Amino acid sequence: MSDDRKSIAIVGMAFRFPGDLSDSARFWEALKSGEDLISTVPKDRWAKDTYYHSRRNEPGRSYTWSAGVLSRIDEFDAEFFGISPREAQQMDPQQRLLLELTWEALENGAQIPERLAGTNCGVYVGIASNDYIQRRIDDMSAIDSFTATGNTASIASNRISYAFDLRGPSMSLDTACSSSLVALHQACSGIEKGDTSMALVGGVNMLLHPFGFVGFSKASMLSPTGRCRAFSADGDGYVRSEGSAVLFLKTLDQALADGDPVHAVILSSGVNCDGRTHGIAMPSPEGQAELLESIYGSGNLDPDRLDYLEAHGTGTVVGDPIEASAIGKVLGVARTGDPLLVGSVKSNLGHLETASGMAGLIKVIHCLKNRGIPASIHLERPNPNIDFNALNLKLVTEYTQLSRNEYPLRMAVNSFGFGGANAHVLLEEYRAPDNSSQESGTVATLPPLSPLPPLLLSARNEQALTVLAQRYLDILGKDEAPAYSDLAAAAALQRQHLSHRMAVF
């Protein structure tokens with residue numbers, strides 16, 4: 001890494017992934033136990049029978065509805081964000097989900113939203129789907145003054161800036177499946193250049209219209225067997241999925257100075273494009289390799305220090321061998337030690353398209369924090385078109401615990417768009433200095449207080465306050481509950497105090 005490159009701290013994170021995964025403990029258990037979270041598009045999304053046909057070339061039809069999905073996507077607490085029911089109805093659920101996850105990511109990072117108001121905090125969002133407006137324009141009489149702002153991709157980021165009164169750069173990016181990691185790279189670049197001192201970064205994808213399924217069926221991109229079999233001999237395409245994640249970033253120096261939690265550290269990131277290939281949707285091993293060379297070569301980053309690479313790994317016949325070739329030629333064969341471990345979370349979650357980079361990144365954060373790598377599933381037979389031995393790569397086919405050594409763990413994430421836009425991010429495990437009580441992802445430990453301070457809780461309404469109180473009760477009742485003084489301090493000092501409040505003594 002070059003000396004002038006700033007390390008970026010991932011201070012807060014929040015996510016919703018297929019199977020309604022939104023809790024770190026539950027997410028990690030799902031990956032560690034090798035859960036398959038693919039199901040099918042719910043019957044209330046659209047007339048599935050009308051748009052289905054098993055024959056690939058049947059006009060206007062999809063040959064699969066297999067997908068990783070979220071439930072209750074119609075639910076949204078509009079009042080919490082000061083939005084009227086009429087406006088909320090016109091808002092793309094992607095915008096609604098991003099607002100919710102932004103609040104959760106700030107709370108997860110011990111940030112008080114009202115204190116960010118008026119700051120130069122940037123917002124960078126990867127988003128492409130226009131499924132919701134495709135549904136709305138079926139009835140032109142339903143269009144009103146909120147339709148445009150509710151369904152324009154630019155507003156997905158701008159609405160976050162508006163809702164939280166953030167004055168830094170605010171942009172939505174569409175590079176297809178690499179969108180969220182390209183957004184992350186732009187955020188890191190903005191922080192490094194001083195365009196913003198901190199940033200919210202997200203990616204989102206929702207499956208709300210059959211158009212995408214029909215289009216990708218005609219391109220034969222979707223798996224007819226309904227699973228992402230990354231790097232497998234049985235790989236036959238990918239499975240569409242929906243979900244979202246939002247991160248809150250600062251420079252590592254600033255995060256430590258502010259006493260913030262640190263989940264992981266971003267050491268480097270980069271983007272490029274394949275240029276002209278044999279077809280606009282055909283990936284390039286040279287283009288992908290050039291990106292890796294630019295990141296690891298210019299930053300003097302030792303391939304032997306890389307402990308794991310979370311691949312794009314969609315399970316397509318063309319894409320997997322090309323990606324493996326680029327990884328192996330730049331990083332695998334350059335290693336003097338063990339083969340580079342490679343896997344893909346898409347085997348569990350499916351392909352979240354514009355949010356897929358965030359899914360891989362969230363997995364890697366958890367791998368760093370837990371010092372382990374879950375297996376990629378559906379990998380009975382490795383792809384015979386990939387010479388893993390010659391490329392010095394090894395697929396993770398069983399849970400692999402990593403030992404602690406003198407160096408922090410390093411892991412990377414690949415993400416590629418089907419138009420040739422590539423992105424790559426390198427992360428490092430955060431280790432608190434020996435003289436610091438701060439631990440990764442936790443608040444600083446406080447000395448015992450006597451008498452015990454009250455537990456101060458607040459919410460927007462009485463029902464939400466009751467739910468919040470129950471969650472704290474559940475936390476306090478666990479065998480491995482955090483110290484009460486720490487919990488009370490966090491509730492009092494690292495949460496925004498809302499209109500309905502209670503003090504528990």
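Reply: Charges first. The protein chain carries 43 positive and 59 negative charges, and their mean positions are 3 Å apart. Lys and Arg count as positive, Asp and Glu as negative; His and the chain ends are not counted. Each charge is placed at NZ of Lys, CZ of Arg, CG of Asp or CD of Glu.

Some ground rules. This is a predicted model, so local features need pLDDT of at least 70 and side-chain atom pairs count only at pLDDT 80 or more, while totals for chains, interfaces and linings use all residues. Numbering runs from 1 along each chain as its sequence is written, and side-chain values use heavy atoms, with hydrogens and water left out.

Now the fold. The protein chain has 17 helices and 18 strands (DSSP runs: H or I of at least four residues for helices, E of at least two for strands, numbered from the N terminus). Its radius of gyration is 22 Å, close to the 23 Å that the globule rule gives for 505 residues, so the chain is as compact as a globular protein of that length. That radius is taken over C-alpha atoms, and the rule is 2.2 Å times the number of residues to the power 0.38. The C-alpha trace spans about 70 × 65 × 45 Å along its principal axes. Of the 505 residues, 55% count as buried (under 20% relative accessible area; over 50% is exposed, in between is partly exposed; 1.4 Å probe, protein chains only).

Now the disulfides. A disulfide is a covalent bond between the sulfur atoms of two cysteines. The search takes a pair of cysteine sulfur atoms within 2.5 Å, and across the whole structure it finds zero. Take C177. Its sulfur is 10 Å from the closest cysteine sulfur, in C228, which is too far for a bond. C228 is likewise in no disulfide; its nearest cysteine sulfur is that of C177, 10 Å away. C177 is buried, at 13% relative accessible area. C228 also counts as buried, because its relative accessibility is 1%.

Backbone next. Most residues other than glycine have a negative phi. A110 is not a glycine, yet has a positive phi of about 60°. A110 sits in the loop between α3 (93-108) and α4 (113-116), and counts as buried at 13% relative accessibility. S220, also not a glycine, has a positive phi of about 55°. The loop between α9 (211-218) and β7 (240-241) holds S220. S220 is partly exposed, with 39% relative accessible area.
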